[in-house]
Amino acid sequence: MCYAIPGKVSQIGNKKATVDYFGEQKTAINEIEDLKIGDYIYAQGGYVIEKIPESKALEILSVWRETFFDLHDLDLRLSRLELEKNGIDRKLGQILDNAAEGLALKNSDLLYLLKLEKENELNLLFKASNFLRAKHLSNSCCVHGIIEFSNHCSQTCKYCGISIENKNIARYRMRKAEISDTAFDAINKMGFKALVLQSGEDPGYSVDDLCEIVRDIKSRSAALIFVSFGEVGIDGLKKIYDAGARGLLMRFETSNSELYTRIHPGCELKTRLGHIREAYKMGYLILTGGLIGLPGQTIEDQLNDILLTKELNAEMYSFGPFIPHPDSFLRDRHSPKPNDILKVLAVSRIIDPKNAKILVTTGFETVDKKAREIGLMAGANSVMLNVTPKKYKKLYSIYPNRAHENEELQEQIGTTLSLLKRLGRAPTDLGVSI
Ligand code: 5AD
């Protein structure tokens, strides 16, 4: 779980610490050498990231205590599952009952869910997924930050607006110190505890440069760093891990290898999967998933995408809609409907009820203004805020008119926290700002 409410260490074992949060015990990997029982810490993504003084922890916990239990109660009320089955066909009722009881569903049942179209049936599916989220993972919601530090890219992905083939966009590349300062502010001034560093596959930074960026951020601030630099090679991944990165955000985009090669000319799905699998073995937390609604993708492909995400041991499921970019090869195609996106989030929750962090992506927010709310009420429990300096944000145009591209960070944080509060969710990695 990502709890960034301070926790108290109650036990220390082999590289693991047990941490107490208002009576709930969680375990986290510990890399802090002198950690002792009784210390107060921040944990994130299953890692102890920082020790904090007792007086500060107690002050923060006193603010949280009441809010924590209030939010909990509200979430429980909102996620109650009353399977009103009037007018619902028996097969659907049966499948959702099985899911709610934690029984594994057959692939044919999962496909049945992904093919639902009627509004009342879809609502029932979304409710069942939200129920599972609340039952197993309670009300915590990850709020990670992302810095998009370069839109240069050597790749030719047919859907992407920053592909090397797009000659119509201005390119930018942040300097190393600028990236590190942006991360420093996000962590130390805005309270983020987990940050994703993302760029196109930019030959302007060597692996050593990327390591230097990660190392510099880690030396100045306590946070969990995820990297998303594209394919840096297995040696590159290892070096970046050693520099201090602990998560890899790398979508496989589609589990259909023919479709993969069609939209990534000259590339193979197995190479990408090799990266993700090796990264997992090295100890990286894996954030992965695919694009929903790619031209030529079937519902069976979508199910395989979700199953593959689970097989890859994903810590976080990142599924967003394909959105046509006017300067890309797929400019004339269209995005999927919001319900088609929600179905993928909901079925992901059903397939991985106990562990998955499921992200409501900016892509989803771009095709539907209410995406965060409806996504969080359909099994999702994670959002990502863009902390890229405003002057660059618009240029990271992987698809057009991205949600929040004109908002100040402070505004984004404010609207996110008030939505979470309204839904009874605890923003467990933005400190105590609620
Ligand atoms: N629509 C939606 N998502 C896109 N991405 C790139 N181009 C598009 C698009 N047109 C996503 C890819 C990639 C991530 C960084 O951005 O899934 O993994």
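This is a predicted model: local features need pLDDT of at least 70, side-chain atom pairs count only at pLDDT 80 or more; totals for chains, interfaces and linings use all residues.
Trainee: What should I know before I start?
Mentor: Residues are numbered from 1 along each chain as its sequence is written. Local features need pLDDT of at least 70 and side-chain atom pairs 80 or more, while totals for chains, interfaces and linings use all residues, and side-chain values use heavy atoms, without hydrogens or water.

Trainee: Which residues have the most contacts inside the largest nonpolar core?
Mentor: In soluble globular proteins, nonpolar side chains tend to be buried together. A nonpolar core is a set of buried Ala, Val, Leu, Ile, Met, Phe, Trp, Tyr and Cys residues joined through side-chain atoms within 4.5 Å; buried means under 20% relative accessible area, with a 1.4 Å probe and protein chains only. Here the largest such core has 141 residues, and L113, I240 and Y284 have the most contacts inside it. Helix α11 (residues 338–351) gives the most to this core, eight residues; helices are DSSP runs of H or I, at least four residues, numbered from the N terminus.

Trainee: What is I240 in contact with?
Mentor: Contact means heavy atoms within 4.5 Å. Beyond neighbours within four places in sequence, the partners of I240 include V207, L210, F229 and Y284.

Trainee: Which residues lie nearest the centre of the largest cavity?
Mentor: A cavity is a set of points on a 1 Å grid, over the protein atoms alone, where a 1.4 Å probe fits but cannot get out; lining residues have an atom within 4 Å of a point. In this model, 48 residues line the largest cavity, and Q198, R251, E253, Y396 and I398 lie nearest its centre.

How values were computed: Buried means under 20% relative accessible area, exposed over 50%, partly exposed in between (1.4 Å probe, protein chains only). Helices (H or I, at least four residues) and strands (E, at least two) are DSSP runs, numbered from the N terminus. On a 1 Å grid over the protein atoms alone, a cavity is a set of points where a 1.4 Å probe fits but cannot get out, and a pocket is an open set with protein on both sides within 12 Å along at least five of seven lines; lining residues have an atom within 4 Å of a point.
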